[in-house]
Amino acid sequence: MEKIKETAAYLKEKTGFTPETGIILGSGLGGLVKSIDVQHSFDYSDIPNFPVSTVEGHDGKLIFGFLEGKKVVAMQGRFHYYEGYSMQQVVFPIRVMKILGITHLFLSNAAGGLNPSFSAGDLMIIKDHINMFPDNPLIGKNMDELGTRFPEMGEAFSRELIEKAKKIAEKNNIKYHTGVYVGSSGPTLETPAEYRMFRILGADSTGMSTVPEVIAARHMGLTCFGISVITNMAVFDEGEIGTSHDEVQNAAGEAQPKMTLIFRELIKNI
Ligand code: HPA
């Protein structure tokens, strides 16, 4: 808690900024930053107590500015559990953003498509999640200042924002799906048997992020909205060829203008 407050105080002093919405941009999805009228930008390595992102394609910047006239703070690149960070480290920036004043958290991720009706390059508005990480960021002594011991997760993703997002997509002729995201540790992609298992469990997309952040955000009462960019389709059959990291990055690049539009329009109307 002391570290969270120390980091928030540092950023507050440097920026004088009170953001309303936090945004997390996933792998290859940093393009939204071009739409932000940037006021302040920090390399993660320059922020006291921040972990440092290590994966290729993750820029590692915290950006303060205006998006459609609204005050936002955006993470270009996030911290993944598979990089070796603890859950506490993974969600540290979310807690700092909450102390800085955000009420809403927007999350994006690159994900594998489990629902056979999806294709690479599609968007999925996340309506719910399944935590398959072997951990949870709220394990340990509860930080009562931030939230309750047993947070309710009945509406992890805001139904109101989902409905608004669907209308925005329809108005702009953007193809979308809604579905359940399952998060697991990675860094391995799933075996065909694991992809099949996740599908049987009721998930439509799978990735290595988002779930810990949403858990921490809901603990603190933040309203969440998330989009999966489907970068590859699950390989359900042991005979099929799997996905490369390059394919994931390319599909993310193609789909990101659509995701950016939905985020912008939603944030404009919060
Ligand atoms: N599985 C897990 N994480 C992912 C995938 C996947 O197929 N694609 C992009 N991130």
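User: What makes a residue count as one that Lys70 touches?

Analyst: Contact means that heavy atoms lie within 4.5 Å, and by that rule Lys70 touches Glu20, Gly65, Ile267, Lys268 and Ile270, where residues up to four places away in sequence are not counted. This is a predicted model, in which local features need pLDDT of at least 70, side-chain atom pairs count only at pLDDT 80 or more, and totals for chains, interfaces and linings use all residues. Residues are numbered from 1 along each chain as its sequence is written, and side-chain values use heavy atoms, with hydrogens and water left out.

User: Why is Lys70 said to have no salt bridge?

Analyst: A salt bridge needs a side-chain nitrogen of Lys or Arg within 4 Å of a carboxyl oxygen of Asp or Glu. The nearest side chain of opposite charge, Glu20, is 4.8 Å from Lys70, so there is no salt bridge, although Lys70 is buried (under 20% relative accessible area, with a 1.4 Å probe and protein chains only).

User: Which backbone oxygen lies 2.8 Å from a polar atom of the Lys70 side chain?

Analyst: That oxygen belongs to Ile270.

User: How do you know that the size of the chain agrees with a compact globule?

Analyst: The radius of gyration is taken over C-alpha atoms, and the globule rule is 2.2 Å times the number of residues to the power 0.38. With 270 residues, a compact globule would have a value near 18 Å, and the chain has 17 Å, which agrees. Buried residues make up 53% of the 270 residues.

Key: Buried means under 20% relative accessible area, exposed over 50%, partly exposed in between (1.4 Å probe, protein chains only). Lys and Arg count as positive and Asp and Glu as negative; His and the chain ends are not counted. A polar contact is a pair of N or O atoms within 3.5 Å; within protein, one must be able to donate a hydrogen and the other to accept it, and residues adjacent in sequence count only if both atoms are side-chain atoms.
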